[in-house]
Amino acid sequence: MLQLDGRSVDFIESGAGPTVLFLPGSFSTPAAWKAVQRLLPPRWRLAGTSLLGYGATSDTRRPDDLDMAHEVAAVAAVAKHLGGGPLHLVGHSFGGTVALATALSGEVEVASLALFEANPLDLLLSAGEPALHAEALTLSRRFAAAVAAGEPDAAGLIIDYWGGAGSFAALPDAVKDYCRRTAPANALDWPTCFGFRAGPADYARLAPPVLLVRGALANPAMRAITASLAAALPGARPAVVPGASHFLIASHAADCAGLLGRFLAEVAG
């Protein structure tokens, strides 16, 4: 753990070489990337942190201030601790959205982006999918109400939305318990994500190469978001992991590590 800019921030680091900073999704810590990292060749300096409200990372958001800038500030503080840039930024799910926001902010020098089922939900509108946007918004509000009411398995609404019916029930007990404990942070993640209103024109100005990965079993919202990003990002390199859904970095770690290792080797030279 680090104390950066007056806040506690989760931090792990290993290895030497070009810096790769991993951002996990909601309900996660840097441990989410361990299975992928173990399979990467030992030529990288691997660093990881948690998003706001997870692991040791303090949540600086308030109910009346859920701006994405809070997430970006935490990532920028870690990047500064790592020596600035350029660095390779890797994100899963909401961590992928935070990675995109960080790259767009200009606060971190980004050499490349690797996004695994990144979910900038506002893109559903520009993608011509208002029904999918409305479905996700309704779910987020139902989830927030369930968390506020103290429903013990409210997190299952979110896990099953992204991963498919039964995904929450199939998780190890320790993971389910962590999801239950951090459900209030996830209830804030949704309005933060919906409030991040970058459109295709914004993504079109991102110059770094981008590995854009989704699972073959991704839900309709993720398919639409990924397709929109692929069309907008000039350096996009789309990839689909067979047999995988949203939690592919755990269920298909070898496939994800292969895609990421080849991408990093190519863009880092």
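This is a predicted model: local features need pLDDT of at least 70, side-chain atom pairs count only at pLDDT 80 or more; totals for chains, interfaces and linings use all residues.
## Strands, cores and cysteines

Strand E5 covers residues 45–48. On one side it has E3 (residues 12–14), joined to E5 by three bridges, with the two strands running antiparallel. E5 also pairs with E4 (residues 19–23), this time through four bridges and in a parallel arrangement. In that pairing, Leu21 stands opposite Ala47. Both faces of E5 are covered: Arg45 and Ala47 are buried on one side, and Leu46 and Gly48 are buried on the other.

Now for the nonpolar cores. The largest has 70 residues, and Leu113, Trp190 and Tyr203 have the most contacts inside it. Helix H3 (residues 94–105) supplies the largest share of this core, seven residues. Another core, of 24 residues, lies apart from it and includes Ala239, Ile249, Ala253 and Leu259.

What does Trp190 touch, leaving aside residues up to four places away in sequence? The list is Leu121, Ala136, Leu139, Ser140, Phe143, Ile158, Tyr161 and Trp162.

Finally, the cysteines. A search of the whole structure turns up zero disulfides.

| Cysteine | Nearest cysteine sulfur | Relative accessibility |
|---|---|---|
| Cys193 | Cys179, 17 Å away | Cys193, 3% |
| Cys256 | Cys179, 18 Å away | Cys256, 0% |

Cys193 counts as buried because its relative accessibility is 3%, under the 20% cut-off. Cys256, at 0%, counts as buried too.

How values were computed:
Residues are numbered from 1 along each chain as its sequence is written. Side-chain values use heavy atoms; hydrogens and water are left out. A nonpolar core is a set of buried Ala, Val, Leu, Ile, Met, Phe, Trp, Tyr and Cys residues joined through side-chain atoms within 4.5 Å. Buried means under 20% relative accessible area, exposed over 50%, partly exposed in between (1.4 Å probe, protein chains only). Contact means heavy atoms within 4.5 Å. A disulfide is a pair of cysteine sulfur atoms within 2.5 Å. Two strands pair if DSSP finds at least two bridges between them.
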